[in-house]
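Here is a short report on one protein model and its ligand. It covers the ligand site, the aromatic pairs and the nonpolar cores.

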Amino acid sequence: MAASGGGPEAPHRPVLLFETVRLLAPERGGLFVDATLGLGGHSEAILEASAGTRVLGIDRDREALRLASERLERFGPRLRAVHANFGDIERVMREAGEHEASGILADLGVSSLQFDTPERGFSFREDAPLDMRMDAEGEEETAAQLLERLPEEEIARVIYEYGEERKSRRIARWIVERRERGEAIKTTGELAQLVARAVGNKRGDRIHPATRTFQALRIAVNRELEGLSEFIETAIALLQPQGRLAVISFHSLEDRIVKRALRRLSGRCECDPRSPVCVCGARRVVEILTRRPVTANEQEVEENPRARSAKLRACLKL
Ligand SMILES: C[S@@+](CC[C@H](N)C(=O)[O-])C[C@H]1O[C@@H](n2cnc3c(N)ncnc32)[C@H](O)[C@@H]1O
């Protein structure tokens, strides 16, 4: 995913590629589910690691599936690409005739394809329709429609919670005032300008003032945090013993969900210490392979600014 930074000139590079492949250990062979196929960078490395691997790639972006399938064509039937939400991983595997995986990967968030295609509306670098849907051909609401429909309080909540933006109320007020004048926001440029004016651009700011608002809207439009914890539980259930799960997240809200889910599945009780019995459902089904999240080194960040906020966590099913 890209929070910001990295321009169209930045080539597509899978984040934390070496570390992800090391933790997934594809040399063991078998089925690997790439729950976020994207442009297929991680899958390519998994398929190259051993002739005994197969990849079932899932993505909700049809354009990404087309491009990844082209890129990985040389692997023939060892790759199958399916249009789905990774929340449906169990069904996708069942329909593909698979019941266990050797490894599962989720590299969350936005791909460079999505971020760098102005018409997809993820970025404010160019003025384009405010869309932000990962499944651009799907039925979901666009970011512009969301801003037209949601009450002011709800817009403020989304921007505060998902963007960790302190001036969320002010931004929401400006958006709604504009809407009430009959000038609903339709483009990325209009939103970026409005936010910049609402919050002011302090000198020395490292990021554009609209970065947090854009991140928040993208998370809301694509419901990125919903079901992440359940996905991890299901993925573990679908792994064979000694199978591995790797998850790369790009902001603290996502990483917190991943960290908590893995902790719980490693048997660490998260209940209030005063609670006489455990109610959080902790049970020891995995061993955590990353005591601390793996992050990109300076060189990778320099070569690929998108790696800056990446955090990789992995576990082994017992
Ligand atoms: C960061 S990119 C993956 C990049 C990929 N690892 C590579 O090397 O090219 C994330 C991808 O996950 C997809 N995605 C995000 N959330 C998803 C979900 N809930 N279900 C299916 N695909 C999702 C996005 O459409 C995007 O293509």
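A polar contact is a pair of N or O atoms within 3.5 Å; within protein, one atom must be able to donate a hydrogen and the other to accept it, and residues adjacent in sequence count only if both atoms are side-chain atoms. The model is predicted: local features need pLDDT of at least 70, side-chain atom pairs count only at pLDDT 80 or more, and totals for chains, interfaces and linings use all residues. Residues are numbered from 1 along each chain as its sequence is written, and side-chain values use heavy atoms, with hydrogens and water left out.

**Ligand site**

| Residue | Protein atom | Ligand atom | Distance |
|---|---|---|---|
| Gly 41 | backbone N or O | oxygen | 3.1 Å |
| Asp 59 | polar side-chain atom | oxygen | 2.7 Å |
| Asn 85 | side-chain N or O | nitrogen | 3.0 Å |

Taken alone, the ligand exposes 610 Å², and the protein buries 96% of that. These areas come from the Shrake-Rupley method with a 1.4 Å probe; for residues, only the protein chains shown count as cover. Around the ligand are 24 residues, each with a heavy atom within 4 Å of it. His 42, Asp 59, Phe 86, Asp 107 and Gln 114 come nearest.

**Aromatic pairs**

The whole structure holds 2 aromatic pairs. Rings of Phe, Tyr and Trp (its six-membered ring) pair if their centres lie within 6.5 Å; planes under 30 degrees apart count as stacked, over 60 as edge-to-face and the rest as tilted. Phe 86 and Phe 231 form a tilted pair, 4.5 Å centre to centre with 45° between the planes. Phe 86 sits in the loop between β3 and α4, Phe 231 in helix α11, 145 residues apart. Helices (H or I, at least four residues) and strands (E, at least two) are DSSP runs, numbered from the N terminus. Both Phe 86 and Phe 231 are buried. Buried means under 20% relative accessible area, exposed over 50%, partly exposed in between (1.4 Å probe, protein chains only).

Phe 124 and Phe 214 have ring centres 4.9 Å apart and planes at 80°, so this pair is edge-to-face. Phe 124 is partly exposed at 22%; Phe 214 is buried at 4%.

**Nonpolar cores**

A nonpolar core is a set of buried Ala, Val, Leu, Ile, Met, Phe, Trp, Tyr and Cys residues joined through side-chain atoms within 4.5 Å. The largest has 36 residues, and Ile 155 is among those with the most contacts inside it. Helices α6, α7, α8, α9 and α10 each supply at least two residues of this core. Another core lies apart from it, with 29 residues, including Phe 231.
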